[in-house]
Amino acid sequence: MTGKIKVGLLMALQAPASSELSSPEIFSSVPRLAEMLESHGFDSMFFTEHHGSDLNEVPSPFIASAAAAATTDKLRIGSAVALPAFYNPVRLAEDVTTLDNLSNGRVTVGVGMGYRQAEFDSFGVNAKFKVSHLIESVEILQRALRGEVFDFEGRVHSLRGVKVRPTAVQPTVPIWMGAQKRPGLTRAGNLGLSLPLSGAPIQIAAKQRKIYLEALAEGGFAHDSVEYPIVRECFCAPTDDEAWATAAPFLSMLFAEYSQFIKLPSVASDGSYRTDAGAIATDYDALREFGRDRMLIGSPETLIREFARHQEHLPCDHWILRMHFPGMPINTLAQSIDLFSAEVLPEITGSTGQKPFHLT
């Protein structure tokens with residue numbers, strides 16, 4: 001696969017009660033942030049989804065995406081990822097087609113299975129059936145977005161006369177499927193859906209990619225039939241130390257929240273594999289070590305080098321960068337985006353001689 005490497009921003013809109021940043025402040029910034037991204041040469045803006053989060057994370061990625069669509073003309077928008085288990089699948093399809101019409105065909109839908117038991121409990125959804133919810137919702141979504149009129153009978157959904165109107169602007173709305181473990185990686189490949197790799201260091205992500213590629217081939221899909229997005233925490237400042245010192249307090253809040261739900265594996269400099277999720281929420285040095293091979297934080301020179309290293313070991317054609325962390329002031333984010341756009345973005349998108357993207 002060749003072509004321009006795309007770069008997007010991932011926003012969770014997190015404003016914990018303990019921070020000076022309020023939810024209205026971060027939520028209402030979306031239209032102007034989207035406008036800023038488009039003017040700076042970014043290609044996309046995605047939103048996460050979580051419910052009942054102490055970080056006040058956005059629960060409605062498609063509403064947030066609509067706000068981003070309102071002030072832009074080219075920026076691709078969507079979810080990374082939405083959780084279909086908490087939607088009626090027909091209503092989900094209607095939300096997507098509405099957004100695709102509002103944006104004149106700029107929607108990408110990322111979906112995931114969900115992993116927080118409290119979210120399933122609050123929606124009254126049995127987590128035992130979360131795989132069925134995901135697989136059935138994807139099929140229903142694909143058929144509905146194509147404008148079909150159909151019945152569906154599955155394990156968790158029984159539908160008659162499904163007809164979603166208006167139809168999507170795009171003939172095929174891109175659907176991505178988030179996954180971390182072998183069953184999910186295989187599922188995404190077998191279904192021919194793009195896999196946004198997220199969280200794992202390069203060494204582990206490369207293994208995840210290999211499992212996915214094998215499943216993609218088993219499903220009868222060509223390697224060039226999908227995108228290869230990678231999600232990474234990213235922050236840019238004039239020096240490495242300044243970048244880490246600025247981002248670390250906000251990153252600590254992020255991983256303190258996540259460590260309640262998942263174990264976060266780390267590969268140390270000596271190659272050993274361990275979990276130190278508890279430490280990274282309180283220990284600056286542990287956080288910086290944890291970021292090795294999994295975060296892109298530093299000066300423009302460091303980021304350019306790290307992007308190139310990722311491309312060498314884990315080729316990517318769509319970077320999704322999480323540059324805002326819980327409680328971070330909007331001006332701090334804007335300063336990072338400004339510097340990144342001026343000095344890093346041209347180097348990684350192909351405008352200054354970047355080698356074409358080739359998947360090996």
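Reading a predicted model: rings, charges and bends

Me: In this predicted model, how many aromatic pairs does a search of the whole structure find?

Reply: A search of the whole structure finds nine aromatic pairs. In general, a pair of aromatic rings is described by the distance of the centres and the angle of the planes. Take Phe86 and Phe120, whose ring centres lie 5.0 Å apart and whose planes meet at 70°, so this pair is edge-to-face. The pair also links distant parts of the chain, since Phe86 sits in the loop between strand S3 (76–82) and helix H4 (89–102), while Phe120 belongs to helix H5 (residues 117–123), 34 residues apart.

Me: Is Phe86 buried or exposed, and is Phe120 buried or exposed?

Reply: Buried means under 20% relative accessible area, so Phe86 counts as buried with its value of 10%, and Phe120 is likewise buried, with a relative accessible area of 1%. A further edge-to-face pair is formed by Tyr212 and Tyr228, with 6.4 Å from centre to centre and 80° between the planes. Here too distant parts of the chain are linked, with Tyr212 in helix H8 (residues 202–218) and Tyr228 in the loop between H8 and strand S9 (229–236), 16 residues apart. Tyr212 is buried at 1% relative accessibility, and Tyr228 is buried with a relative accessible area of 1%.

Me: Which residues do ring pairs link into a cluster, and which ring has the charged end of Arg294 over it?

Reply: The cluster, linked by ring pairs, consists of Phe42, Phe307, Trp319 and Phe340. As for the charge, the end of the Arg294 side chain sits over the ring of Phe290, at 4.0 Å from the ring centre.

Me: Where does H9 bend, and which of its residues are buried?

Reply: The bend in H9 is about 45° and falls at Ala248, with a proline, Pro249, following within four residues. Among the buried residues of H9 are Trp244, Ala248, Leu251, Phe255 and Tyr258, and Ala248, where the helix bends, is therefore itself one of the buried residues under the 20% limit.

Me: How many salt bridges does the structure hold, and what does Lys4 form with Asp43?

Reply: The structure holds 12 salt bridges, and to count as one, a side-chain nitrogen of Lys or Arg must be within 4 Å of a carboxyl oxygen of Asp or Glu. Lys4 and Asp43 form such a bridge, their closest N and O atoms being 3.0 Å apart. Lys4 lies in the segment before strand S1 (6–11) and Asp43 in the loop between helix H2 (30–39) and strand S2 (44–47), so the bridge ties together parts that are 39 residues apart in sequence. Lys4 counts as partly exposed, at 46% relative accessibility.

Me: Which side chain does Glu227 meet in a salt bridge, and which parts of the chain does that pair link?

Reply: Glu227 meets Lys6, at 3.4 Å from N to O. This pair links distant parts of the chain, namely the loop between H8 and S9, which holds Glu227, and strand S1, which holds Lys6, 221 residues apart. Glu227 counts as buried at 18% relative accessibility, whereas Lys6 is partly exposed with a relative accessible area of 27%.

Me: What does Asp241 form with Arg288, and which residues do salt bridges join into one network?

Reply: Asp241 and Arg288 form a salt bridge, with the closest N and O atoms 3.1 Å apart. Asp241 lies in helix H9 (residues 240–258) and Arg288 in helix H11 (residues 284–290), so parts 47 residues apart in sequence are tied together. Asp241 is exposed at 51% relative accessibility, while Arg288 is partly exposed at 28%. The network, in which salt bridges share partners, joins Glu139, Arg143, Arg146 and Glu148.

Definitions and conventions: Residues are numbered from 1 along each chain as its sequence is written. Side-chain values use heavy atoms; hydrogens and water are left out. Rings of Phe, Tyr and Trp (its six-membered ring) pair if their centres lie within 6.5 Å; planes under 30 degrees apart count as stacked, over 60 as edge-to-face and the rest as tilted. Helices (H or I, at least four residues) and strands (E, at least two) are DSSP runs, numbered from the N terminus. Buried means under 20% relative accessible area, exposed over 50%, partly exposed in between (1.4 Å probe, protein chains only). A charge sits over a ring if NZ of Lys or CZ of Arg is within 6 Å of the ring centre and within 35 degrees of the ring normal. The bend at a residue is the angle between axes fitted to the seven residues ending there and the seven starting there.
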